[in-house]
Amino acid sequence: MKKRRLVMRSVILFILGAAVAYTLYANFSKDKIHKVEMGKEAPDFVLVDMDGETHRLSDYKGQGVFLNFWGTWCKPCEKEMPYINNQYKQFKDQGVQTIAVNISESKLVVNKFLERHDLEFPVVIDKDRQVENAYGIGPLPATFLIDPEGKVVKYHTGTLTEPMVREYMEQVKP
């Protein structure tokens, strides 16, 4: 009986040790994932939107870019979409481009979401998660502000309010 208890305790201790080691590894390595630095050139990408149009980030040099990473399942993402849409309408003719990058969901799911929320800005799908990885995205929603020279000036994780969206678009307006 004592031997069995010793074995069980050893197994539990091993599992706990492995969990602690993994947590430490994940926390120390997550800083290395974030590849985009403020003031540095934003990683270029080419993705296709829901209308079949190609969006290459470098094509928007000379314009500010409001780059938002999101998912249909993400409630904070859903909450900020109307704010982004409203400000997109205000700033699209002032040299601020909005691109919403969906993280790896199906076109059908994304289209249903867009129809339900009547969104007008370009939405692209990062099917293989290469853009997500290049930008080192953690929790969603995540927003990058890219100035007209193509440099990242701000990174924000979490839900945006409409005044924040307006302020951010104003920040990157040429």
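I am working with a predicted model, in which local features need pLDDT of at least 70 and side-chain atom pairs count only at pLDDT 80 or more, while totals for chains, interfaces and linings use all residues. Residues are numbered from 1 along each chain as its sequence is written, and side-chain values use heavy atoms, with hydrogens and water left out.

Next I asked which residues of H3 are buried (under 20% relative accessible area, with exposed over 50% and partly exposed in between, for a 1.4 Å probe and protein chains only). I found Val 110, Phe 113 and Leu 114, and because they fall within an arc of 95 degrees seen down the axis of H3, they line one face of the helix; the arc is that of the directions from the helix axis to the C-beta atoms. On the face turned away from this buried side I listed the exposed residues Leu 108, Glu 115 and Arg 116.

I then turned to the rings and recorded seven aromatic pairs, where rings of Phe, Tyr and Trp (its six-membered ring) pair if their centres lie within 6.5 Å, and planes under 30 degrees apart count as stacked, over 60 as edge-to-face and the rest as tilted. Trp 70 and Phe 113 form a tilted pair, 4.9 Å centre to centre with 35 degrees between the planes. Trp 70 lies in strand S3 and Phe 113 in helix H3, so this pair ties together parts that are 43 residues apart in sequence.

Key
Helices (H or I, at least four residues) and strands (E, at least two) are DSSP runs, numbered from the N terminus.
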